[in-house]
Amino acid sequence: MLANWMSNLAAIITNRTNGWDVIVRELADRLAARGDLVSSHFCHMVSGANVEPPSPHAKLVLLGVDHNVGGNANLLSRESMEAFQRTEAFEWAKRKGNANACIPSLQAFKLMYAINVADYGYTEIALGYVKSIKTLIDRSGGGNKYSPAFINALNVFEDRVAVCMERGGTKEQVEERKKSIFGSLGSGLKKFSISGLASGIVSAASGEDGRGAR
C-alpha cells in the first residue's frame, strides 16, 4: 500500500465510504513511521485532520517538518521557517472558503515570526502580523481560546513595535532603540518558547474555527 500510496489515496477519496478518513489517517501514520513526513502530512490534510498545538504526540503542527526535531518548534531552522510559511498558506487557503477560518495554534508561531522580523528592523511587517492575529482572534470568537501568556505577549509586542515606529529619530537612534526594545522582549518571550505560548490556545480535541472551509 505504501509503495503506491498516491494511487491508493486517490481511490479512497474517489470512492468514499464510512470511515474513509480514518483509513487515510492510518495511511498517514504508516508513511510517518517510514520517515516520509511530507507525504504523511499531506494525507492528514486530505483527511481533514486539524493542525495541532505543539506537543510530543501531535501529528500535524508545521506542514512538512517534525516539530519535535531540533529547534523546529521555535522556528530556529530553515526547514521550520519554510514549514511555517506552508502552514500559513494553508490557513489562507481555508479563509478563501470561509473568511472566519483560523488555525488557532498557528497564531503563536506568527507571533514568534513577527518578533524575528522585528529584530531585523522590519517593524511594519511585524505590526501587520500582530494586526492579522488580532483580527483572526476577533473573528473566531475572541480570546477565550488563547492562553493569558499569549495574549499578554501579543499586546506587549504590539505596544513596543508602535513605540519604536512612532519615535523616529536618526538611523542610529532607531537601531539602538530596536536593540533595547526587541532584545528585552525577545528574551522575555523566548523563555516561554513556542510550546509555552501555544499551550492553552486550543486543545487538539477542540478543533479549529472554520473547520469546514477546506
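I take contact to mean heavy atoms within 4.5 Å.

**Basis.** I am reading a predicted model, in which local features need pLDDT of at least 70, side-chain atom pairs count only at pLDDT 80 or more, and totals for chains, interfaces and linings use all residues. Residues are numbered from 1 along each chain as its sequence is written, and side-chain values use heavy atoms, with hydrogens and water left out.

**Overall.** I looked up the secondary structure and found nine helices and zero strands; helices (H or I, at least four residues) and strands (E, at least two) are DSSP runs, numbered from the N terminus. I noted that buried residues (under 20% relative accessible area, 1.4 Å probe, protein chains only) make up 45% of the 214 residues.

**His67.** I located His67 in the loop between helix 3 (37–47) and helix 4 (78–97). His67 counts as buried because its relative accessibility is 7%. Leaving aside residues up to four places away in sequence, I listed Pro54, Ser55, Ala58, Val61, Asn72 and Ala73 as touching His67. I also found that the His67 side chain reaches the backbone oxygen of Ser55 at 2.6 Å.

**Helices 5 and 6.** I then turned to helix 5 (residues 106–119) and helix 6 (residues 123–139), which pack at an angle of about 165 degrees with their axes 8 Å apart; axes are lines fitted to C-alpha atoms over the stretch in contact, and angles run from 0 to 180 degrees between N-to-C directions. Helix 5 is therefore roughly antiparallel to helix 6, a term for angles over 145 degrees. I recorded that residues making this contact include Leu111 and Tyr113 of helix 5 and Ile133 and Leu136 of helix 6.

Technical notes. Buried < 20%, exposed > 50% of the residue type's maximum accessible area, 1.4 Å probe, protein only. Polar contact = N/O pair within 3.5 Å; in protein donor to acceptor, adjacent residues only side chain to side chain. Parallel < 35°, antiparallel > 145°, perpendicular 65-115°, else oblique.
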